[in-house]
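Me: I have a structure open and would like to go through it slowly. Can we start with what the words mean and then look at the parts?

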Amino acid sequence: MIAVGKSVIGLQRKNNEDSIFVSDNDGTLKTFFIVADGMGGHKAGEVASSMAIDIFKEYIYSKADDYYRENTLDTLVEGLTKANSELYELSQKKDEYDGMGTTFTCAAIRDMTLYIVHVGDSRCYLFRNSVLKQLTRDHSFVMEMVKQGKLSLSEAQRHPKRNVITRAVGTEKRVKADTVIESLYQGDILILCTDGLTTMIDDKTIQDELSSGKNAKEMLGILIDKANENGGSDNISAVIIDLR
Amino acid sequence: MTLNVGTILGGRYEIQEKIGTGGMAVVYRGHDNKLERNVTIKVMKEEFTGDPNFKNRFNTEARSAARLSHPNIQSIYDVGEDNGIYYIVMEYIHGDSLKHVIQEKAPFDEITTLSITVQMAAALSHAHKKGVIHRDIKPQNILVSVDGTIKITDFGIARTADVSTATVTTNAVGSVYYFSPEQARGGYVDEKSDIYSLGITVFEMLTGHVPFDGNNSVAIALKHLNSELPDIRQFNPNVSDIIISIVKKATEKRKDDRYDSIDDMLSDLEKAITFAKDKKTTGGKLNPGTAAASVIAPKTAKAEDMSSADGSGATKIGLNSVSNADENKNDKIKVEIPGGKKADGSKPSAFEKYNKSMKISKDDDYENDNYEDDDYKDMKVVKRGRNKYDTVKKQDYMKNNKRKSNNYDNNNYEDDEDEFYRRKEKKTIIAAIVTALIIIGIISFFGAKLFTGGALFSGNSQVTVPNFTGMTIDDAKSKADKLGLKINDNDDEYSDYDEGTVLSQETDEGEKVAKGTEINVAVSKGKKTFSMPDVVNESKDDAINKITSLGGSKPEIQYDYSDTIDEGIVMEQNPAAQTELDSSERIILVVSKGQENSKIVVPEFVGKDISTVKSEIDDAGLSLGNISKKDSDAVKDKVISQSVASGTEVEKGTSVDFVISSGTQPEDNTQDNTNDNTDNNTNDNTENNNKDNTKNDNTKTDNDSNTQTTTSDNAEKSLAFTIEAPSSFDDKNSVSVKMLEIVNGNTVSVVYNQTKTSADFPFDVSIKGTGKVEMQLYIDNVYQWSKKVDFSEGN
């Protein structure tokens with residue numbers, strides 16, 4: 001398994017509010033990858049995404065291996081819950097952190113099984129047999145409307161409120177996380193990314209690039225370049241996990 | 001970020017006290033140290049201002065809002081930016097938001113409600129006539145001053161927030177309660193969207209409740225789309241039919257069914273007032289004796305304020321609407337004669353002249369606005385005719401400009417209403433023209449100097465080439481003629497400069513050339529303009545071609561439903577036909593999506609019970625296709641995949657196939673089902689929100705190949721849960737410990753409920769149950785954790 005991650009500021013923003021995490025992937029038990037897209041004024045967005053990763057990471061590492069092995073998904077959810085409550089407390093205490101929050105998409109891989117915990121509109125895709133499939137569902141106003149059959153996907157893509165997310169880590173006392181478990185196979189490629197990538201390039205472009213046969217690092221660079229070429233209006237972050 | 005008290009913005013506005021926080025801005029009471037008066041200062045939140053396009057939108061919207069001048073609209077005095085802080089300076093209003101007043105005093109009686117509504121409608125009427133749509137009408141944006149006057153604030157500001165920055169909507173963001181269906185859908189927002197939101201606000205005043213409520217923004221938005229308006233009399237039995245029908249008409253789901261314009265609504269409201277007054281004087285059932293203003297006036301209102309509004313309140317309302325009608329009439333006159341006085345004669349607390357030292361436009365030359373307003377009458381023509389300016393006007397501008405500088409130097413503030421109005425109307429394009437003309441003027445002046453200089457050597461066979469750039473081609477030619485040079489002006493191009501202006505010369509100024517030499521110059525053909533064609537009723541593609549072939553920018557397409565216009569046909573265009581445009585201007589076409597409801601967007605059925613699907617599928621406008629079973633972890637009869645993915649647009653009546661769970665565990669959920677999505681073990685730790693398993697390519701074959709294993713165990717088994725102490729007891733000795741069992745994500749039962757003291761913790765609780773469920777722990781009703789458990793693993 002090869003995993004590479006990259007987070008860039010894009011072309012139009014003053015600071016990068018995204019944070020990513022790529023753990024050592026030399027076969028250790030606790031192998032996981034995170035993308036987080038922070039929000040809030042001034043530096044609060046950056047603080048939110050990096051703190052969430054930090055708290056989460058620390059929590060996962062603090063757990064005994066046996067516990068983690070048997071309760072992988074629970075441990076991930078607990079870590080996320082902890083990150084949420086700590087961020088929320090901070091935002092209540094300090095004026096400058098008022099309203100801060102972050103999306104959070106973590107993919108952990110253990111024994112060729114993928115565990116995802118997910119809040120917000122960052123995404124995890126699985127590329128298998130030349131087909132790209134989104135494993136997470138965006139917690140966004142428009143995607144919830146799509147789910148209800150009230151908006152078509154194309155309407156959702158041009159809806160003025162398409163940027164509004166319905167869940168975030170740190171904005172409320174409690175957070176609901178979605179979880180996904182999926183068996184992995186040799187040859188799969190996973191990609192985690194923030195909306196800075198997916199609003200600039202469509203799924204087809206990602207699928208074509210992942211079909212190109214290039215190495216993970218090259219593909220990552222090309223995808224990010226393409227997002228920048230198309231405007232780079234937001235921070236762009238992605239992690240590619242290559243199981244070929 | 002909060003600004004400290006004493007912070008001075010733009011060199012004059014002092015922050016005095018934070019008075020509130022809205023969705024987009026923090027609101028302060030402030031003081032204008034120059035004009036010595038109280039002001040309200042809205043400082044935009046940083047998360048919005050970080051967006052690169054924010055500045056443009058902010059300036060555009062704030063300026064269009066500043067053009068509004070109406071007794072029921074909070075006046076905008078100034079907008080500016082100071083060190084990255086974007087602020088709007090507004091009239092200070094002593095009072096409270098309508099939201100607070102509703103929270104304290106609703107339901108209002110009819111006369112109070114109508115009095116407020118008429119004022120809001122009058123304000124909207126004024127704004128709509130000026131082409132400004134509010135987009136975010138809600139009681140939070142409506143102020144009730146201590147004398148009972150209603151003021152709408154934040155016109156158009158909602159639009160500045162349409163940024164790619166992610167924001168969370170929670171219940172705290174009030175707008176969704178007042179959202180029109182088209183706003184929920186992301187459709188075309190126009191005047192009728194304001195009418196809808198106003199209708200919702202009236203509902204709330206009459207009842208004390210918003211009509212559509214829900215757990216989250218999506219649920220509320222869906223109700224705006226689908227649910228019928230609740231019966232007003234259920235909350236307030238005294239409301240008369242006429243008012244109920246006004247609210248209903250304003251809040252129709254389809255734009256076509258609503259009032260055509262706010263003026264139509266206004267005239268119905270006036271009728272309703274007459275009716276309500278009659279009802280009251282004839283001793284009707286309607287809370288007799290309740291004074292309008294005594295209900296709505298904020299606590300700070302003085303007794304005499306209230307009494308005046310009490311006795312004459314109704315009369316005042318009448319006057320308000322009449323004066324509004326006057327103003328509407330006069331609006332047109334005002335457009336033609338910008339010097340005209342404000343129609344209703346009312347005067348906002350003070351009018352202020354924009355002043356040069358304000359930091360409206362620190363970074364933007366266009367906005368220096370240094371020209372005299374008296375001449376705006378002339379410019380007005382220019383503005384309307386877009387770019388058809390001529391030399392005469394040019395001279396005027398130059399003159400004006402000189403005078404203006406003097407004005408500024410003397411800091412000559414006058415309390416001049418007209419000045420105020422006209423100033424608000426300025427367009428950057430005019431400023432650009434003026435700037436260009438000043439430059440041309442200066443260049444011409446130096447050119448003339450050179451010319452006299454050059455003439456001294458006119459006896460020589462060699463001529464020093466003067467500067468021609470910036471002159472009109474005629475002036476350049478006559479000048480060249482005197483010097484014995486020739487001008488060759490074959491090179492014409494479009495530019496921002498006036499037609500006939502020399503843009504550049506091939507031979508540089510100062511070079512010596514032989515007499516009779518031809519100097520090649522480039523001459524401006526003026527701005528490339530075209531007359532906006534009428535494209536309504538044309539197909540989208542034809543319309544786009546027509547516009548772009550004339551040199552227009554690629555139109556922005558918005559879609560909306562229409563019962564009368566076929567899909568793909570342009571329904572509306574902005575700007576209107578015959579408007580003179582240049583290639584940079586934004587063009588919007590509204591294209592019909594055809595009849596609402598003829599196309600169906602497939603909803604998500606995955607995760608629902610098949611019996612639920614059967615009952616919902618007709619309502620969704622779809623029909624039930626094949627149902628096949630498959631072994632899965634999911635609860636029996638739950639849909640694990642659907643043949644048409646959610647979000648897909650299909651014809652009405654399309655049939656959708658479903659794969660449901662047999663309720664049996666697959667034999668082995670690890671390795672053998674390659675490429676099959678349905679074996680994904682998906683769970684949502686709190687809301688049983690099954691993952692999207694929409695593509696079910698291989699499900700049928702898999703289904704056949706799976707052996708049915710009946711290992712499910714229906715016998716009750718017990719599991720132990722350790723309950724840890726909560727983080728604090730808040731000085732209480734005992735807490736309630738409650739455990740909920742959630743089956744299928746919706747059936748909730750309390751399986752444990754005991755009072756415990758701090759000494760009891762930690763302790764174990766043993767719960768009996770069957771199958772897979774989710775357990776949630778609450779201590780003193782505060783959520784602690786949630787766990788997915790499988791009782792079949794218990795003992």
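Reply: Let us begin with a word we shall need: a residue counts as buried when its relative accessible area is under 20%, and as exposed when that value is over 50%. Please keep in mind that this is a predicted model.

Me: OK, so is B:His128 buried or exposed?
Reply: B:His128 has a relative accessible area of 11%, and because buried means under 20%, this residue counts as buried.

Me: And where does B:His128 lie?
Reply: B:His128 belongs to helix α4 of chain B, which covers residues 110–129.

Me: What is B:His128 in contact with, leaving aside its neighbours within four places in sequence?
Reply: With those neighbours left aside, the contacts of B:His128 are B:Ile133, B:Glu191, B:Asp194 and B:Ile262.

Me: Zooming out, how much of chain B is buried?
Reply: Chain B has 795 residues, of which 51% count as buried, and its secondary structure comes to 19 helices and 32 strands. The chain exposes about 35400 Å², with carbon and sulfur atoms supplying 46% of that area.

Me: Now the sheets: in what order do the six strands of the open sheet in chain B come?
Reply: The order is β1-β2-β3-β4-β6-β5 in chain B, and the pairing is antiparallel. At the edges are β1 (8–9) and β5 (76–82) of chain B, each of which pairs on one side only.

Me: What packs on that sheet?
Reply: Helix α2 of chain B, residues 54–66, packs on the sheet and touches β4 (37–44), β5 and β6 (85–91) of chain B, while the direction of this helix makes about 165° with that of β5(B).

Me: Which residue in β11(A) stands opposite A:Cys124?
Reply: That residue is A:Leu192. Strand β7 of chain A (residues 123–128) and strand β11 of chain A (residues 189–193) pair in the antiparallel sense over five bridges.

Definitions and conventions
Residues are numbered from 1 along each chain as its sequence is written. Chains are lettered from A and ligands numbered from 1 in the order in which they are written. This is a predicted model: local features need pLDDT of at least 70, side-chain atom pairs count only at pLDDT 80 or more; totals for chains, interfaces and linings use all residues. Side-chain values use heavy atoms; hydrogens and water are left out. Helices (H or I, at least four residues) and strands (E, at least two) are DSSP runs, numbered from the N terminus. Buried means under 20% relative accessible area, exposed over 50%, partly exposed in between (1.4 Å probe, protein chains only). Contact means heavy atoms within 4.5 Å. Two strands pair if DSSP finds at least two bridges between them. Axes are lines fitted to C-alpha atoms, for helices over the stretch in contact, and angles run from 0 to 180 degrees between N-to-C directions. Accessible areas come from the Shrake-Rupley method with a 1.4 Å probe; for residues, only the protein chains shown count as cover.
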